[in-house]
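Here is a short briefing to read alongside the model.

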Amino acid sequence: PLLSLLTLSLVSLRGWAVGLCPQRCVCASTILSCSQAGLTTVPTSLPRFTAVLDLSHNNVSRLRGDWAPGRLPHLHSLLLSHNGLSFVSTEAFAHVPRLRHLDLSSNRLRALDENLFSDLSELEVLLLYNNEISSVDRTAFENLGRLRKLYLGHNRITRFPLELLRDGTRLPQLALLDLSANRLRSVPVGELQALPAWLRDRLYLHGNPLLCDCPLFQLVSRGHQRHLSAVVDFQEELRCSLPAAAAAAATSPIGIMDLTTRQLLNCSEAREAVLEAYLGDSVTLSCDTRIHGVRSRHWVTPNGERVAETGVNSSAALLANGSLQLRNLRLEDAGSYACSVAGPLLNETVYVELLVHNFTLHGPHDTLNTAYTTLVGCILSVVLVLIYLYLTPCRCCCCRGSGGAEKPPAPRDDSINSSVLSATPNHNVAAVVPHPGEPCRSQSASATIAAGPGPNGGGGRFKGGGTPQQHPRHGPKMQRKVSDPDSVSSVFSDTPIVV
């Protein structure tokens, strides 16, 4: 027993010597604080059990690959802000693989080199704000599969690093990206709008010299309607500069949300998502919530039907990602759909408006709806009636333009026996062809027809009620047999029939 006690005492003394707290530092349990100690290099005697190492507010300008005397397997937080740090080796983090929080803010870093943080596979928070960073290598953030928050504000970045967000493959857990107060002149509005709302809720773009345009206004306006924190909390700092053509209207940057009120660019108001579809189509409604880490969700259709997380019916089904799939769309499927989401701290309801057109998109179809077809049919009917009333053929080809309105012909004695529905005359009469140069007269039942001198006197006129006189066949003008227009008694005919 005495030997065992002596051995234990020696081991304890050795461990204390190895874990001796460095000079000008404060050690408290697993926390080692060397802040504001005037250090130019990292202390060499660092206890292996150190979990939090604070080296902020010193003069450590270079972080080499051998800054740690050995592996620090328990270190999860490293604070190096306010050190004038201008160089970080690509091997600087090889000895701290369990690091989850890294603060390199307020230094003089100018570039993020290739695979700079690739050894930090468990890193969750990375602070790089208030540096001089103007160049970011595309592979600088490789292997950061657990990174949730990335702060790049107050730097000199001129290009939006869209590769960090696209497809969610490089930083799949990223929930906050701060790019405020950089030198961005434009942003990829279309691709940013396609990002999930829970990421757009923490995408900070204020303080950049952005150029004003309507797509940028639409992006910010939709974020304001959705009450996204990145827009609502920094609305006054979301400003832009007008193009050269409209710069005379405002010499200083203006608020992006003021573009529509001042009508400087005549941008239209932003609308919430409206999905258009056609009869028989299948569509998927996305539940674009700003809650990250959803616990449960369900949909409510326009007719009040609830589609739970495991519910499936004939036309609607909830997918694994929370979207609602509608199949074989009908007109009654149109309307406002509500997605109710329950999160860790708050709940949210997202609305999606679905518009179903009254025809199919593919295949032959009539694009005219019923009301339009009825209106066109009525107009055509009126036009046909007007044509029938005012553009019917003239009874006499040579008498159409003469004065006086036509009167219905008086009934003839020999036409009494003819049927009122007959369109064929029951006899033929001789009509006299007018002499050349003789004026044309309008025809009526009581009027006499000019036929030259006749035996009855009166200038060769005879009464329409009697039988017309037969003229001799000799002479310069020959008679032609035509149908008597007075004998045509059909109510359906306006034109005499020549036989």
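Buried means under 20% relative accessible area, exposed over 50%, and partly exposed in between (1.4 Å probe, protein chains only). This is a predicted model, in which local features need pLDDT of at least 70 and side-chain atom pairs count only at pLDDT 80 or more, while totals for chains, interfaces and linings use all residues. Residues are numbered from 1 along each chain as its sequence is written, and side-chain values use heavy atoms, leaving out hydrogens and water.

**Aromatic contacts**

- The structure holds 3 aromatic pairs (ring centres of Phe, Tyr or the six-membered ring of Trp within 6.5 Å; planes under 30 degrees apart are stacked, over 60 edge-to-face, the rest tilted).
- F117 and F141 make a stacked pair, 6.0 Å centre to centre with 20° between the planes.
- F117 sits in the loop between strand 8 (111-112) and strand 9 (125-127), and F141 in the loop between strand 10 (135-136) and strand 11 (149-151), so their pair ties together parts 24 residues apart in sequence. Strands here are DSSP runs (E, at least two residues) and helices are H or I runs of at least four, numbered from the N terminus.
- F117 counts as buried because its relative accessibility is 0%, and F141 is buried at 0% as well.
- F93, F117 and F141 form one aromatic cluster.

**Charge over a ring**

- R62 places its charged end over the ring of F87, 4.4 Å from the ring centre (CZ of Arg or NZ of Lys within 6 Å of the centre and within 35 degrees of the ring normal).

**Helix 7**

- L389 lies in helix 7 (residues 370-390), and it counts as exposed because its relative accessibility is 53%.
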